[in-house]
Each structure stands twice: as structure tokens, then as C-alpha cells.
Amino acid sequence: MDDHSTPVPPPGCPAHHSGARVPLYGAEFAADPQAYYAYLRHYGPTAPVELAPGVEATLVTDYATALHLLQDSASFRKDARRWRALGEGKVPPDSPVAPVLAYRPNAMFTDGAEHLRLRQAITDSMAKVDSRKVSQATARVSDFLISQFGSRGSADLLGDYAKQLPLFVFNELFGVPADIGDRVVFGIAGMFDGVNAEKAMGVLFAAVGELVALKRSRPGDDVTTWLMQHPAQLTDEEMVHQVALLMVGGNEPLRNLIGNTLHRLLTHDAYAHQGGLIDEAIDDTLWENPPMSNLAPHYPVADMDFGGTRLQAGDLVLVSFAAANTGPALTAARQAGSNRAHLAWSAGPHACPSKEPARQITVTAVENLLNQLPDVELAVPADSLTWRPGPFNRGLTTLPARFTPVDLARRSPAAAPAETVTRPQPTAATDGRTERGGMWSQFLNWLTR
């Protein structure tokens with residue numbers, strides 16, 4: 001009789017060949033990551049993976065082991081300058097994962113007292129965000145975006161909606177004026193689209209630098225100003241890196257959470273027959289299809305045994321939020337009603353500082369879309385949808401939808417925030433053209449016309 005106790009690697013997985021690490025990239029992984037996680041669990045709580053060609057890591061797939069890692073600041077550090085393989089030149093300089101993992105002087109890559117100082121400034125500043133302002137900003141942006149495609153009767157709910165909405169909302173919360181906002185939108189979108197990412201990153205950091213300089217001379221009622229006025233007394237360089245961290249770190253997970261929640265609502269009929277369908281769909285998405293699937297890079301400070309794997313100091317260790325959330329150990333807890341015990345927001349001292357605004361933005365964005373387009377439905381078969389490749393994020397490439405055409409009336413200009421509604425100025429791109437067509441300027445013009 002054949003022994004089926006050890007799972008078979010998914011089709012196309014190089015682990016079919018003895019000794020190979022399991023790849024977390026490529027079309028096969030993107031199409032069915034849960035098959036890969038099921039296979040990885042046979043290694044135990046941790047498993048050998050490859051994030052990109054030539055980039056090796058250890059992936060934590062077990063919930064309890066992940067919590068241990070995320071909460072053990074003594075044995076594991078976040079400073080990416082400890083990454084041994086990078087220091088030894090073993091990571092290709094053009095690796096697609098290097099920009100995400102490379103060190104920057106922000107709260108994500110610091111430890112100890114320095115992390116506490118930066119983190120406290122971020123936490124205190126985000127805590128000042130008025131929940132009503134978040135809902136109002138999200139509704140305004142949602143109305144604008146729907147007005148751009150509503151009369152067509154069809155849209156890509158990712159490219160036309162979920163991808164743009166977080167950028168615009170964060171621009172409002174951070175008090176970004178028109179000309180700077182156009183370049184922030186261009187920079188962040190370019191970084192994640194992977195098209196001329198180096199140029200896009202340069203545009204983004206230059207724009208954030210201008211925003212910091214502006215707020216030094218003209219403070220406002222916004223997150224940028226609150227960070228600047230915090231007792232931590234952040235320098236201009238620290239301000240640029242913390243603001244960029246919040247805007248970039250808030251955009252990618254949020255666009256995926258909105259998109260993945262809409263996907264779930266449009267492909268699972270059961271939600272139409274339940275109360276509180278949006279909250280339920282968000283929770284189910286965070287459990288089963290979290291927007292950031294594998295991240296939280298850590299580095300052991302010394303050689304050690306961890307989760308059944310022998311680690312050397314400076315090895316790259318990541319947490320699989322997706323695998324930990326869907327592992328057998330969590331099934332009982334979820335069935336018992338612990339519906340928010342998932343790790344989608346991470347845990348420990350580096351847990352997401354913006355999970356409440358993120359959830360509120362998602363609820364408002366999804367609710368407003370369904371209210372404006374009550375008969376929205378997928379425009380293609382569900383099994384024809386494709387997912388973006390890569391080890392870190394979980395998001396669709398497109399989400400085509402159709403609906404009865406609508407003519408969305410513009411909201412009153414009185415609802416627009418005084419700080420950000422300024423006359424748009426021409427945006428000089430590095431190649432002489434306006435970046436991304438000045439989408440933020442278009443939004444502000446729509447509010448005030």
C-alpha cells in the first residue's frame with residue numbers, strides 16, 4: 001500500500017527534486033498558494049523557501065511559532081542590516097524582493113529604544129485621526145472614483161477602484177496638496193506595479209520631502225503635522241521615512257483587502273443571505289486570504305534551533321500569515337467564535353498601527369460601492385481570474401465587473417477639507433510630463449468645480 005502521509009509538492013514546484021527549496025513566486029504559487037502551504041507544513045512549524053531566484057529564507061507556517069517569533073524581540077531583530085546573505089553578496093542586486101526587504105531608517109526596520117521612539121510617534125499620531133473624518137474622506141473618494149466609471153456600466157474594480165482609493169484617502173489624512181499628491185500617487189503606484197520602480201521610488205521620496213518642508217512652514221490638522229509636532233522630535237529625514245512608511249505600508253495591504261473582500265462578496269452567494277455581510281466578508285478574507293500573505297522579516301541574533309530548523313545569526317526568517325491563519329491549530333479557535341484572532345495584522349511590537357482605520361476604510365469603500373451599484377456582478381467566470389505573482393502580497397490582477405449604469409451626483413463642495421482643496425499646480429515629472437495624469441488634482445477639481 002502506498003504511504004500518503006507526506007504531501008506531494010504542488011505541480012510545477014521544484015521541491016519535486018530532492019533538496020530544493022519551495023518557491024513562493026511564479027504563476028503556480030499565485031494560482032494556489034494554499035496547496036504550497038499545505039505541503040510546507042510537512043516540514044514542521046518552519047520550512048525552507050525561496051522568495052525569488054537566489055533569495056533563500058525560512059518561513060514560519062505555524063500560528064504558535066509565529067506568535068513566538070513576533071513577540072521575541074530579544075532573540076530576533078528587525079534591522080535588515082543584519083541580513084547575512086545580503087551582506088555576503090548572495091542576494092542578486094536586481095532581485096525583485098530587495099526593495100521590500102532592504103533597510104530603511106523607519107519603525108519597521110528598527111529595534112529597542114529607537115523603535116519605541118519612532119513607533120510611539122506613529123501610534124500617537126494615528127490615534128488622533130477622527131473616525132468620522134476617515135469615513136467622510138473614504139466616501140468622497142469612493143463617489144469620485146465611481147463617477148469616473150459609473151456611466152459605463154462596467155469597470156475593473158481593482159484598477160479603477162480598490163487600487164486608487166487608499167492612495168487618495170491617505171493623501172487627505174496626511175494633508176497632501178494637489179501637486180505633491182499627484183507625485184505621491186505616481187510614486188506608490190509605480191513601486192508596486194514594478195514599472196520603472198526605481199524612478200517611482202525617487203519621485204515618491206522627493207514628493208514626501210516637499211510635504212515635510214511644507215508642513216514645517218504651514219502646519220495643518222493632519223497626520224504629517226501631528227508626527228512633526230510629536231515629543232519624539234523627528235528630524236526631517238526621520239519624518240520623510242516615517243511618512244513614506246505609513247503611506248506605502250497603508251496602500252498595498254489596503255488595496256488588496258478591499259479587492260479581496262469584493263472578490264469574496266462577488267463569488268460567494270452565501271453573504272447575500274446573511275446579516276452584516278460586509279463585516280463577515282472582511283473577517284473571512286483576513287482569515288483565509290489576507291492581503292499580506294508572507295512578510296514580517298526577522299533575523300536571529302545568534303545561531304539557534306527554532307521551530308525544528310537550525311538557524312544561523314542573520315538568516316532571513318519570515319512569517320506566513322496566510323499559512324498560520326489556515327493551519328489546523330486555528331480551526332478550533334475560529335469555530336469557537338474567536339473570529340479576530342488571526343495574524344493578518346501581525347502581532348507583537350511591530351503589529352500594524354493602522355488596523356482600525358484600515359478596517360473602517362474597507363467597510364466604507366465596500367459599502368458605498370454596493371449601495372451605488374446594487375446589482376454589480378462579475379463580468380467574467382470566477383475561475384478565469386488571475387492573482388499577482390510574488391511572495392509577499394495576495395491580490396488579483398483585475399476584477400472585471402458589470403452593473404446597471406449610474407450617473408453619480410457630485411457631493412457638496414462643503415464636504416471637502418479646506419487643507420487639501422487648493423488650486424492644482426502643474427506637476428513636473430522627471431520626463432517633462434504630468435505624473436499619472438494628475439489623478440489627485442482631478443479629484444480635488446471634482447470636489448470644487
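Biologist: Before we look at this one, which residues count as nonpolar, which as charged and which as polar?
Modeller: Ala, Val, Leu, Ile, Met, Phe, Trp, Tyr, Cys and Pro count as nonpolar, Asp, Glu, Lys and Arg count as charged, and the others, Gly among them, count as polar. Please keep in mind that this is a predicted model.

Biologist: OK, how many cavities of 30 Å³ or more turn up in the whole structure?
Modeller: The search of the whole structure finds one cavity of 30 Å³ or more, and the space in the largest cavity comes to about 30 Å³.

Biologist: What lines the largest cavity?
Modeller: Its lining is made of Pro166, Leu167, Phe170, Asn171, Val184, Ile188, Met247 and Asn251. The elements giving two or more residues to this lining are helix 9 (165–173), helix 10 (178–193) and helix 13 (236–267).

Biologist: And which helix gives the largest share?
Modeller: Helix 9 does, with four residues in the lining.

Biologist: By class, what does that lining look like?
Modeller: Going by the classes we started with, the lining has six nonpolar residues and two polar ones, while no charged residue takes part.

Biologist: Switching to strands, what order do they take in the open sheet?
Modeller: Three strands form the open sheet in the order 5-11-10, and their pairing is antiparallel. Strand 5 (154–156) and strand 10 (377–378) each have a single partner strand, so they stand at the edges and one side of each is left without a neighbour in the sheet.

Biologist: How many bridges join strand 5 to strand 11?
Modeller: Three bridges join strand 5 to strand 11, which covers residues 400–402, and aspartate 156 stands opposite proline 400 in strand 11.

Terms used:
Residues numbered from 1 in each chain as written. Predicted model: local features only at pLDDT ≥ 70, side-chain atom pairs only at ≥ 80, totals over all residues. Heavy atoms only, no water. 1 Å grid on protein atoms, 1.4 Å probe; cavity = no way out; pocket = protein on both sides within 12 Å on 5 of 7 lines; lining within 4 Å. Points joined across faces, edges and corners; volume = space filled by probe spheres on them. Pairing = 2+ DSSP bridges.
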